[in-house]
Amino acid sequence: MAIFLSVVVFVITFVLLLGSYIVLVANNKIKRRRMDKVLKLVAAYSFVAALVYCYQFLYL
């Protein structure tokens, strides 16, 4: 159950972070960067969020 919920957290945070990046670029708030770098960063942050959620779910 914890693994499934961690995957759900990963997907939700990935979509939210990528969506916020797209909105910021569309409104000219930040410079546009290469998409592969952005995807790596977003995936890393999402992965860390999923790991933290899994840890909290199992041990706290």
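Residues are termed buried under 20% relative accessible area, exposed over 50%, and partly exposed in between, with a 1.4 Å probe and protein chains only. By this scale Tyr55 is partly exposed, at 46% relative accessibility.

The model is predicted, and local features need pLDDT of at least 70, while side-chain atom pairs count only at pLDDT 80 or more and totals for chains, interfaces and linings use all residues. Residues are numbered from 1 along each chain as its sequence is written, and side-chain values use heavy atoms, with hydrogens and water left out.

**Aromatic pairs**

A pair of aromatic rings is described by the distance of the centres and the angle of the planes. Rings of Phe, Tyr and Trp (its six-membered ring) pair if their centres lie within 6.5 Å; planes under 30 degrees apart count as stacked, over 60 as edge-to-face and the rest as tilted. The whole structure contains three aromatic pairs. Among them is Tyr53 with Phe57, whose ring centres are 6.2 Å apart and whose planes meet at 25°, so this pair is stacked. Tyr53 and Phe57 are four residues apart in helix H2 (residues 35-59), about one helical turn; helices (H or I, at least four residues) are DSSP runs numbered from the N terminus. Tyr55 and Tyr59 are likewise placed in helix H2, four residues apart and about one turn of the helix. The rings of Tyr55 and Tyr59 have a centre distance of 5.3 Å and a plane angle of 45°, so the pair is tilted.

| Residue | Relative accessible area | Class |
|---|---|---|
| Tyr53 | 29% | partly exposed |
| Phe57 | 39% | partly exposed |
| Tyr55 | 46% | partly exposed |
| Tyr59 | 59% | exposed |

**Surface patches**

Patches are made of residues with over 30% relative accessible area and no salt bridge, joining like charges within 9 Å and nonpolar side chains (Val, Leu, Ile, Met, Phe, Trp, Tyr) within 5 Å. A salt bridge here is a side-chain nitrogen of Lys or Arg within 4 Å of a carboxyl oxygen of Asp or Glu. A nonpolar patch of about 1200 Å² includes Met1, Phe4, Val8, Tyr55, Phe57 and Tyr59. Helices H1 and H2 are the elements that give two or more residues to this nonpolar patch.

Positive charge gathers on the surface in a patch of Lys31, Arg33, Lys37 and Lys40. Of these, Lys40 lies in helix H2 and is exposed at 61% relative accessibility.

Asn27 occupies the loop between helix H1 (2-26) and H2, and is partly exposed at 48% relative accessible area. From Ser6, Asn27 is 21 residues away in sequence and 31 Å away in space, C-alpha to C-alpha.

How values were computed
Accessible areas come from the Shrake-Rupley method with a 1.4 Å probe; for residues, only the protein chains shown count as cover. Lys and Arg count as positive and Asp and Glu as negative; His and the chain ends are not counted. The place of a charge is taken as NZ of Lys, CZ of Arg, CG of Asp or CD of Glu.
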